[in-house]
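Visitor: I would like to learn how to read the packing of helices in a model such as this one. Could we go through it together, one feature at a time?

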Amino acid sequence: MTFNERLVALRKKRGLTQKALAEACGMHTTQVQRYESGETQPTLEALRKLALGLHCSADLLVFDKDERGPDEDLRLQFEAVTQFTPEEKMVAKAVIESLILKHDSSRFSRAS
């Protein structure tokens, strides 16, 4: 799904007209129409305003449903982590961050 299709779908899901969304975002209705038609793409600031006006994350507007999630082979593990206590989540996060740092450092040292 393209950005403009996601924008239209989210606006309709929230029960907003183009005019109501434009007012919630502090922009002109014609600008919302241009985004929805695919005629133009929003700036970062406009994207921020649209996300705030739609009460959603900018990720929801920009990315498809499974585009940013974990790979299928890690999905179950990440779902299991959601059941952890706050302390266990902190440990899991620290382990993942250390693995990412280790990966990045080895990747950069190979590139040198």
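This is a predicted model: local features need pLDDT of at least 70, side-chain atom pairs count only at pLDDT 80 or more; totals for chains, interfaces and linings use all residues.

Visitor: At roughly what angle do the axes of α1 and α3 cross?

Guide: The axes of α1 (residues 3-13) and α3 (residues 29-37) come within 7 Å and cross at roughly 125°. Angles over 145 degrees would count as roughly antiparallel and those from 65 to 115 as roughly perpendicular, and α1 and α3 are therefore oblique to each other.

Visitor: Which residues of α2 are buried, and where do they lie around the axis?

Guide: An α-helix has 3.6 residues a turn, so residues three or four places apart point the same way. In α2 (residues 18-25) the buried residues are L21, A22 and C25; because they cover an arc of only 100° around the axis, they lie on the same side of α2. K19 and E23 are exposed on the other side of α2, while the cover over the buried residues includes α1, α3 and α4.

Visitor: What is the mean pLDDT of the protein chain?

Guide: The mean is 93, with 99% of residues reaching 70 or more; among the elements, α3 has the highest mean pLDDT (98) and α6 the lowest (88).

Note on methods. Residues are numbered from 1 along each chain as its sequence is written. Side-chain values use heavy atoms; hydrogens and water are left out. Axes are lines fitted to C-alpha atoms, for helices over the stretch in contact, and angles run from 0 to 180 degrees between N-to-C directions. Helices (H or I, at least four residues) and strands (E, at least two) are DSSP runs, numbered from the N terminus. Angles under 35 degrees count as roughly parallel, over 145 as roughly antiparallel, 65 to 115 as roughly perpendicular and the rest as oblique. pLDDT is the predictor's confidence in each residue, from 0 to 100. Buried means under 20% relative accessible area, exposed over 50%, partly exposed in between (1.4 Å probe, protein chains only). The arc is that of the directions from the helix axis to the C-beta atoms. Contact means heavy atoms within 4.5 Å.
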